[in-house]
Amino acid sequence: MHGLLRSVWDEPRPPGAPRRVWRDWALVGLLTLAIVLEGTLRTDLLWRPLSIVYPLVMLPTLLWRRTCPLACLAVPVVTTGLIQHLTGADPAETASVAYMVILLYALSRWGSGREMALGLGLITAAVTTSTLTGQIATIPGRLAASDVIGAFTVVFAAFALGGAFRYRARARARELDQVKLLEREQLARDLHDTVAHHVSAMAIRAQAGIATAATHPDAAIDALRVIEAEASRTLAEMRAMVRVLRRDRAPGGGDMPELAPNPHLADLEQLAGRPKVGPAVEVLIDGDLDGVPPSVGAAVYRIAQESVTNARRHARHATRIEVRVAADDSSVRLRVSDDGDSTATRAAPTPGYGLLGMIERADLLGGTCEAGPNPGRGWTVTAVLPRTPKHDVSPRTA
């Protein structure tokens, strides 16, 4: 139990708190209008001027609720308690002070463990004090059990809602990290295959050079030049991948990556065909693909494979999937599109994990990957990868 309380107390603030945006100002504006209307139209208010002015003064705290959640909650709570204690007036007798619920939610959603504990203790003390002094009641000086229960219900409900969204965001972040980790594991396997290929070529050339050195010195020199070129390419590929893999990895381990052969651009032809069930796949390749680094070729294949799989699963009434690859001197472009209908059902406010993996792989290699519905029918995935990864550097700088 002590360990659980300690972990809650040491809980840091969630990262990535949104900045103040136009919706925050719109919220303040709408609540201002509600406060003025309620204060003007209600006939049962005992402290009408105070009931209008006080919440209007407290409303701006909503603008800082994500960056200073504890302070934004403490200001109205403490001020309300002081006014009640010194004057006997109740500045929170209107329903417009429901903005306090937003502050409670923000504290649970964006506050640290210490801030949440202090804020919950503060609001609990305020509700308890108001109960004991008779402020929570329809008639001042008279206790109402239903109001007390309702007040605590609102407090804990707002805290629970903020905690639920906090947990959901954390779970989502862990899942995204797992997707990225799997892509980095795949890149590490690609790195192994690439380096092994180049090192094998160098070993063969070195053996040939040794065998001919005595009788054909020129052939040995040519072999050394080839070895130098292969070593440069190997170092370039290794630097490009190792630099993106030099990121903190999550503790623990995962499943071992599959030991299938490393895919290449030439393997795209295997995606083509007409299965017994589902749309046909057509692969079109245009441009010179010679010299494309294995890491880029593998990424193009993986993105195309994932796109085709998604189209077969989610493209309703699709009859055709087109995979088009075009290469020029600087980049390799991939476009995968289908002619399915009901594309609106495939749109989502956040990308799925398959798409996130494609975006992560393209980004690690200095490229881009986008997906979305076509103007008419179908869905298209577009990826652009540089022929030379962005982390590539000259071997002479090592």
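Arg320 counts as partly exposed, at 36% relative accessibility, where partly exposed lies between buried (under 20% relative accessible area) and exposed (over 50%), using a 1.4 Å probe and protein chains only. Salt bridges that share partners join Arg320 with Glu282, Glu322 and Arg324 into one network. A salt bridge here is a side-chain nitrogen of Lys or Arg within 4 Å of a carboxyl oxygen of Asp or Glu, and by this rule the count comes to 6.

Good to know before you dig in: this is a predicted model, in which local features need pLDDT of at least 70 and side-chain atom pairs count only at pLDDT 80 or more, while totals for chains, interfaces and linings use all residues. Residues are numbered from 1 along each chain as its sequence is written, and side-chain values use heavy atoms, with hydrogens and water left out.

- Glu322 pairs with Arg320 in a salt bridge whose closest N and O atoms are 2.7 Å apart.
- Glu322 also forms a salt bridge with Arg324, and there the closest N and O atoms are 3.5 Å apart.
- Glu322 itself is buried, with a relative accessible area of 11%, whereas Arg324 is partly exposed at 37%.

- Another salt bridge joins Glu115 to Arg13, with 2.5 Å between the closest N and O atoms.
- These partners are 102 residues apart and link distant parts of the chain: Glu115 sits in helix H6 (residues 113-133), and Arg13 in the loop between helix H1 (2-9) and helix H2 (22-41).
- Helices (H or I, at least four residues) and strands (E, at least two) are DSSP runs, numbered from the N terminus.
- Glu115 counts as buried at 15% relative accessibility, while Arg13, at 36%, counts as partly exposed.

- You will find Leu334 in strand E3 (residues 331-338).
- Leu334 is buried, with a relative accessible area of 2%.
- Leaving aside residues up to four places away in sequence, Leu334 touches Val300, Ile303, Ala304, Val323, Arg324, Val325, Val381, Thr382 and Ala383; contact means heavy atoms within 4.5 Å.
- One of these contacts is Arg324, which also takes part in a salt bridge with Glu322.
- Ala304 is another of the residues that Leu334 touches; the two lie 30 residues apart along the chain, with their C-alpha atoms separated by 7.5 Å.
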